[in-house]
Amino acid sequence: MTTLLVASTGGHLAELHDLAPRLGVQDDCVWVTFDSPQSRSLLDGQEVIHVPPATTRDVAGALRDLFAARRVLGGGRFRRVISTGASVAASFFLPAAGRGLACHYIESATRTEGPSLTGRLVAGLPRTQLYTQYPGWARGRWRYGGSIFDGYAPSRRPEPRPVSRIVVALGTHDRFGFPRLLARLVDVLPREAEILWQVGATEVPRMPAGARRQVPYAEMQQAIREADVVVTHAGVGSALAAMRAGHRAIYVPRRRAHGEHVDDHQVEMARELGRRGLVLAREADAITVEDLAEAASWTVGTAGSVLPFRWAA
């Protein structure tokens, strides 16, 4: 059974890529995502179909992906579609369900208390199985399948690392900046440290020297591996990148009240990963120098054997 693995780039693709070994589909699958440095790096050697990019609540982008989905599914090659979102999931599930294909939607780990808009949309489609990564809201048609974070565990270092290299990653979304966090970090981070600043759309009166709107994917991953401390907005892709590199990141949620995102799902994400001990969750205006030392005192590693994802019968 050839499976189509569908996800937007960013955190959605990072989640599906990390979950793939637990899905039992690696030997016969094709990926659908947007063309980006992240997707080219993560999916190197895999069969990939690139579709037009769609951003947050982008109706035009979702329609372009719907037309692309009809072309991809028209050949009859695929029998199952699995997605972690976002809107590209709905664009593919609509024609897939119409053709009688099995559709499996795994809600993003950012949704700790209930489904996203995409999750609510695909829930109305026939032959669609729905999965949450949190047992606390597994009810009705939503069943708990497991968590992307099950494979990671924190541990304290025998000796803390000196803080000399720092990566700051505020995301690359064009619509949402994070000036509260950037202004705080300009004041708090040691001037003698080597800092990579990836600030996206964020601007403040005192921009740090060397601030870059976007850092090439390979360069960012290398910098994270070499860093002593990672400070990031509370995106799931950022968390996974830091954990893969062994970091317990300082993890700062954007807040809707400050116009930093469309909702407060990053607040929920920071709370969940903080509970697991996988990040050091902090508010933007509360980060201290002591937090840098605390973050450098921990590492995150793999948790050993992890159960396969629990599919519906």
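Analyst: In this predicted model, seven strands form an open sheet in the order 3-2-1-4-5-6-7, and their pairing is parallel. Strand 3 (48-50) and strand 7 (142-144) are the edge strands, each of them pairing on one side only. Averaged over the sheet and with direction ignored, neighbouring strands are turned by 25° against each other.

Within this order, strand 1 (residues 3-7) pairs with strand 4 (residues 80-85) in the parallel sense, over 5 bridges, and here Leu-4 stands opposite Val-81 of strand 4. Helix 1 (residues 11-23) packs on the sheet, where it touches strand 1, strand 2 (29-33), strand 4 and strand 5 (102-106), and its direction makes about 135° with that of strand 4. Helix 4 also packs on the sheet, touching strands 1, 2, 4 and 5 as well as strand 6 (128-132), with a direction that makes about 160° with that of strand 4.

Helix 4 has a helix partner too: the axes of helix 3 (residues 59-73) and helix 4 (residues 87-98) come within 8 Å and cross at roughly 40°, which means that helix 3 is oblique to helix 4. The crossing is right-handed. On the helix 3 side, the residues that meet helix 4 are Ala-62, Asp-65, Leu-66, Ala-69, Arg-70, Val-72 and Leu-73, while helix 4 contributes Ser-87, Val-88, Ser-91, Phe-92, Leu-94, Pro-95 and Ala-96. Sorted by class, this contact between helix 3 and helix 4 holds 10 nonpolar, 2 polar and 2 charged residues.

Notes:
Residues numbered from 1 in each chain as written. Predicted model: local features only at pLDDT ≥ 70, side-chain atom pairs only at ≥ 80, totals over all residues. Heavy atoms only, no water. Axes fitted to C-alpha atoms, helices over the stretch in contact; angles between N-to-C directions. Helix = DSSP H or I, 4+ residues; strand = E, 2+ residues; numbered from the N terminus. Parallel < 35°, antiparallel > 145°, perpendicular 65-115°, else oblique. Left-handed = near helix turned anticlockwise from the far one by under 90°. Contact = heavy atoms within 4.5 Å. Nonpolar A, V, L, I, M, F, W, Y, C, P; charged D, E, K, R; others polar. Pairing = 2+ DSSP bridges.
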